[in-house]
Amino acid sequence: MSTIEDPTVNADGNPLQLSHLRVLEAEAIHIMREVAAELEKPVLLFSGGKDSIVLLRLAEKAFRPGRFPFPLMHVDTGHNFPEVIEFRDRRVAELGERLIVASVQDSIDQGRVKEETGPRASRNRLQTTTLLDAIEEHGFDAAFGGARRDEERARAKERIFSFRDDFGTWDPKRQRPELWSLYNGRVARGESVRVFPLSNWTELDVWQYIAEEDLEVPNIYFAHEREVFKRDGMLYATSDHMELMENEEPFTTSVRYRTVGDMSCTGAVASTAADLDTVVGEIAATRITERGETRADDRVTEAAMEDRKVAGYF
Amino acid sequence: MTAPVTTIESALLRIATAGSVDDGKSTLIGRLLYDSKAILADQLEQVQEASERRSGEGGLDLSLLTDGLRAEREQGITIDVAYRYFQTARRKFVLADTPGHVQYTRNMVTGASTADVAIILIDARHGVVEQTRRHTFIASLLGIPHLAVCVNKMDLVDYAEDVFDGIVRDFCALAKQLGVKDVEFFPISAKLGDNVVDASAAMNWYSGTPLLEHLETLSLADDEAGQDTRFPVQWVIRDHDADYRGYAGTVAGGVLRAGDAVVVLPSGVQTTIAAVETIDGELDAAFAPMSVTVRLADNVDASRGDMIARAPGATNEVAPLVTRELSADVSWMAEAPLRPGARLALKHTTSSVRAIVEGLDDVVDIATLERVVSPDELALNDIGRVRLRVSKPLAVDPYERNRTTGSFILIYEATNESVGAGMIR
């Protein structure tokens, strides 16, 4: 300890102490720098959703005033919300970084995947092939994703550095032990790691961070009037990509989105929260998880997420 | 802009729990989440459905909340570390739930490596058993600063004070043997909720707080990572247009301020900190675990893997030891045993080097906690004292002085698997 001043207090005499958000931020920045230093060709997956918006902010904190040591990539199902795509392109331009768009439509056109049909058709599952193909094509050995452990119980067991074999698959029983903040990013040719810097964040943390950092998010996260219909207890937006079933009647109401994904499997919640503070208040008071409330893809079976992750999904 | 400073109440607490299904560990976690309202309606519905499917009757099996993988739910076991998050008005909690079987020692080490507090579960009917000794040993080995011992299933021993007192006495003897200092005891019933979140009406003889209140108010002020200044250089940020060069990293100990006289190790070059900053601007001070960028006054040669510490003589801080010889307790995690002569990759802070095992001094008998000297090998899940020689000098501290600069991992170079966790002694 210093003999001159007390090093454990600030200039104003307050004890040195970080808020939990700043602890989470520091951890995420550390993780991003480790990946940049230890892996040859990382990529950051940016969808325009709230979690990847936070990832971009953290990348700025980790690497500015230098450039990002990796490009950004979006796996575009072609059925995304136009407001989000507009936001995505604008944000990338502001940052002056490079964006790669991997298109599910291209995978369909090339015969790599087959489009589902019928009113419950979704391109969500098809993304996995497009993602794995893009990782292989560009030779990426690490991909940052915005997934959080509080989202779902298979995710709760996943390491921050999630090792994938050369088929992109996750083996939950053969995960590398992850000790202290010493991450092992070593991979053989063809293998890769998915890296989740927001692993320890909750949905509320993400929103509080967006508020504290004053980050812009796509406007569909705030309440707006939209034509929707009810299916399985969820509200879906009407669009060219959605086929209505019998007895499904569109109506217009005030909604916002808690998650932003493929339009065919992402539901809206009835809400009048039109600004960040009100949204944070609603999230803090909610009694339903975000995936339970708004994601049809996790409702299929008790282990839906685990099965998709084993197949190479995020 | 100054450092983001708030009061301690809003900080993050990392908890590790150890125990087997039989101890009621999953039920305790389920209870903490349920009673602190961290379980949301749809999760509860899933658990209700699953409880009914499995038992064929009503009632809520809270343990089903934490078992995330298909095999775990089918076999009723916990395979891997699961992370849970909950928040109260006072604090945010990250809970690493680890399996307690002997074959899962490596998972417990994983979950416990960053913990501020370990919850040790004891079945009131069985008292301190071998598993308790093992869990407590691992907690002490990993330098977890606080232990919360929960004597569970008090309802099955008629909430008897003397049963609780007997277990407290036995555990204190164990804690003394292991040199564990901060221990608190809680008589609980996870199943019925006694003394977990709410105080028990059935144990008026207990005057302490419920477990959650203890976790909310536990002070970490004295056990933030070491007092000596340590800054491993992680990444060099350059902006050629602006002639900018900053050393980015995560503070591992002490406090960094502009004007501090520092030394770059292992080279020993001395300089002064010109600024401590983030993209938001210069900071008054940086301390663990902040991720910051340090600019140095002189154009010195520093890169990833180097350690910045206070210059000798500038303070009464203890300098790191710059060495190629390490003596460490190693938790071995590979199927194949570790033997003298083995060559591995070693990662210490941001430094990756090669290492050779010079010798095995002892191995801990997990049943008696005694050290058996000169073993031939360390087998899977063994913990023992290992002497290593590394290819380049490292700036290290004893683990008890600094959990970040005193730890390393061992990696098989052929397969890239992480196979060992080392704590420098």
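This briefing covers helix packing, aromatic contacts and backbone features in a predicted model. Local features require pLDDT of at least 70 and side-chain atom pairs count only at pLDDT 80 or more, while totals for chains, interfaces and linings use all residues; side-chain values use heavy atoms, with hydrogens and water left out. Residues are numbered from 1 along each chain as its sequence is written, and chains are lettered from A in the order in which they are written. Helices (H or I, at least four residues) and strands (E, at least two) are DSSP runs, numbered from the N terminus.

**Helix packing in chain A**

- Helix 2 (residues 50-63) of chain A packs against helix 6 (residues 203-213) of chain A at an angle of about 55 degrees, with the axes 10 Å apart; axes are lines fitted to C-alpha atoms, for helices over the stretch in contact, and angles run from 0 to 180 degrees between N-to-C directions.
- That angle makes helix 2 of chain A oblique to helix 6 of chain A, on a scale where angles under 35 degrees count as roughly parallel, over 145 as roughly antiparallel, 65 to 115 as roughly perpendicular and the rest as oblique.
- The crossing of helix 2 of chain A and helix 6 of chain A is left-handed, a term for a near helix turned anticlockwise from the far one by less than a right angle, with right-handed used if clockwise.
- In this contact (heavy atoms within 4.5 Å), K50(A), D51(A), V54(A), R57(A), L58(A) and K61(A) of helix 2 of chain A meet E203(A), V206(A), W207(A), Y209(A), I210(A) and E213(A) of helix 6 of chain A.
- The residues of the contact of helix 2 of chain A with helix 6 of chain A comprise six nonpolar, no polar and six charged; Ala, Val, Leu, Ile, Met, Phe, Trp, Tyr, Cys and Pro count as nonpolar, Asp, Glu, Lys and Arg as charged, and the others, Gly among them, as polar.
- The axes of helix 2 of chain A and helix 3 (residues 82-95) of chain A come within 12 Å and cross at roughly 0 degrees, and the two helices are therefore roughly parallel to each other.
- I53(A), L56(A) and E60(A) of helix 2 of chain A meet F87(A), R91(A) and L95(A) of helix 3 of chain A, a set of four nonpolar, no polar and two charged residues.

**Helix packing in chain B**

- Helix 4 (residues 105-112) and helix 5 (residues 130-141) of chain B pack at about 40 degrees, with their axes 10 Å apart, and are therefore oblique to each other.
- Their crossing is right-handed.

**Aromatic contacts**

- Ring pairs link F63(A), F68(A), F70(A), F144(A) and W235(B) into a cluster; rings of Phe, Tyr and Trp (its six-membered ring) pair if their centres lie within 6.5 Å.
- R149(A) lies over the face of Y83(B), 3.7 Å from the ring centre, where the criterion is NZ of Lys or CZ of Arg within 6 Å of the ring centre and within 35 degrees of the ring normal.

**Backbone features in chain B**

- A cis peptide bond with omega of about 10 degrees joins L265(B) and P266(B), and P266(B) is in the loop between strand 11 (261-265) and strand 12 (269-278) of chain B.
- Y159(B), a residue other than glycine, has a positive phi near 55 degrees.

Terms used:
Rings of Phe, Tyr and Trp (its six-membered ring) pair if their centres lie within 6.5 Å; planes under 30 degrees apart count as stacked, over 60 as edge-to-face and the rest as tilted.
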